[in-house]
Amino acid sequence: MKTAFLLLLLFNLTGFSQNPLNLLEEYIKIDTKENTREGVFFFKKIFENYNIEYKIIENGEKPSIIAKIEGTDKNLTPFLLTHHIDCVNKGRPLVVQKFYMEGPCLLDDKSLGIAHLISFLEAKKAKPKRGIYFLAVSDEEKGGKEGIEYLIKNGFLPEISFAIGEGGKSSSATDQKLFITVSNTDKGVIWIEVEISLPGGHSLSLDDGILKENIKKIYSLPSITPFKGKLKEYQEFISWYKNAFPREIKIPQNYEEIQKSHQAFTSTTIAITSIKTDGEANVMASKLKITLDIRTASVENHRQVLDFLKKEFPGAKFNKILEIYPSPTTPSDNIYFKRFIKILKEIYPSLPIGPSINPGFSDLSYLREKGIPSMGFSPFFLNYYHYFTVHKDKEHLPEDRFLEGVELMKRIVLKLSEE
């Protein structure tokens, strides 16, 4: 905790009136699972206190808020810091343990929101050359249709040069920093409900063979399918990532050479998120509904995986809840992407750092579709056990890693705003 104390002292010496832990504690306890309004008000109060221009974008229970710091050079287009307010779990107080903090949406992604906020406020004091927008947006966990896409479609997204948001990984093992990934592309997603008709009837008939057959078929679905994409992006990832390990890692020339632990980057994956029937006591089910979370690596995968499911469940009804195609890739030689990586390498000259594929999806997918260079980046150096808690009720983040990440994000944002 010595590092945490020193970092808190640094924040106090720089004249920052609200320390990041207090802000995080306040943000975490706000319940933003279904309604983001209180989360918007949290930022509204801060922006008013710092006399920062802001706008609340109303959209029923899913409002968002965007704020702006003007740059001194009007010829430079501002950039965007964005994170999502919504959460998969209900808000409750942050718990600070001896070795880590725990709370809902701590990693995904309210800690990033606080890191962005402090960087934004520090940039205001520094009178940046390039302007900065701060966006706290709703609905990412449900796919972003009522959040970032709503803002884009209705003209609420201002002109920006590039965006920094959710994604990437700053990896560690115990206290050793290993590497930093900056995601420049996202996989796609299909959330689909499969409805299968069953005989129904009196439960005494024991006529549940079709139900059992379909449940067996559901559980035999492969988690990793043969439908693939983004090989070029994966090869570029491996070209620098291999330097993080003492063993030799070869750049794969085809999908078959990709190591098993990395298959989720390039393969279409299928996860079961719910299984339901309409049956009750003394009544056999007449319908079986399964919901699948499918992540895709190419546009073609969307047709391939649907054809596969239709063959597996002939006669079933298919209802798409959400469909987002894999995002375009922000080229690693893009001027803003190169600048971002350069800054990271100046701070951590001995660490392997480079672009990667986000095996999930994020709001940055929508921005990349509009041709906006977008970097997914997490400033918090975490290990496997921390990442494993994402979307659980108690996500874990060490206090010193949080404070260190806040300081790192601040340094990056201040440098990016210099030109």
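A: In this predicted model, six of the six residues of strand β3 (residues 79-84) are buried, so β3 is largely enclosed by the rest of the structure. Buried means under 20% relative accessible area, exposed over 50%, and partly exposed in between, with a 1.4 Å probe and protein chains only. Residues are numbered from 1 along each chain as its sequence is written, and side-chain values use heavy atoms, with hydrogens and water left out. As the model is a prediction, local features need pLDDT of at least 70 and side-chain atom pairs count only at pLDDT 80 or more, while totals for chains, interfaces and linings use all residues.

Phe79, Leu81 and His83 point to one side of β3 and Leu80, Thr82 and His84 to the other, and all are buried. Helices (H or I, at least four residues) and strands (E, at least two) are DSSP runs, numbered from the N terminus. β3 pairs in the parallel sense with strand β6 (residues 132-137) over six bridges, and His84 stands opposite Val137 of β6. β3 also pairs in the parallel sense with strand β7 (residues 163-165), over two bridges; there the bridge partner of Leu80 is Ala163. Pairing requires that DSSP finds at least two bridges between two strands.

Ser171 counts as buried because its relative accessibility is 10%. Leaving aside residues up to four places away in sequence, Ser171 touches Gln176, Lys177, Leu178, Phe179, Phe381 and Leu382, a contact being heavy atoms within 4.5 Å.

An open sheet of three strands runs in the order β4-β5-β20, with antiparallel pairing. β4 (95-96) and β20 (395-397) are at its edges, each with a single partner strand, so one side of each is left without a neighbour in the sheet. β4 pairs with strand β5 (residues 101-103) over two bridges in the antiparallel sense, with Val96 bridged to Met101 of β5. Helix α4 packs on this sheet, touching β5 and β20, and its direction makes about 45° with that of β20. Helix α13 packs there too, touching β4, β5 and β20, at about 70° to the direction of β20.

The two helices also pack on each other: α4 (residues 106-126) and α13 (residues 399-416) have axes 8 Å apart, at an angle of about 45°. Therefore α4 is oblique to α13, and the crossing is right-handed. Contributors to the contact include Ile114 and Ile118 of α4 and Phe402 and Val406 of α13. The contact residues divide into eleven nonpolar, three polar and two charged.

Helix α3 (residues 37-49) also meets α4, the axes coming within 12 Å and crossing at roughly 15°. α3 is therefore roughly parallel to α4, in a right-handed crossing. Phe42, Phe43, Ile46 and Phe47 of α3 meet Ile114, Leu117, Phe120 and Leu121 of α4; by class, this contact has eight nonpolar, no polar and no charged residues.

Axes are lines fitted to C-alpha atoms, for helices over the stretch in contact, and angles run from 0 to 180 degrees between N-to-C directions. Angles under 35 degrees count as roughly parallel, over 145 as roughly antiparallel, 65 to 115 as roughly perpendicular and the rest as oblique. A crossing is right-handed if the near helix is turned clockwise from the far one by less than a right angle, and left-handed if anticlockwise. Ala, Val, Leu, Ile, Met, Phe, Trp, Tyr, Cys and Pro count as nonpolar, Asp, Glu, Lys and Arg as charged, and the others, Gly among them, as polar.
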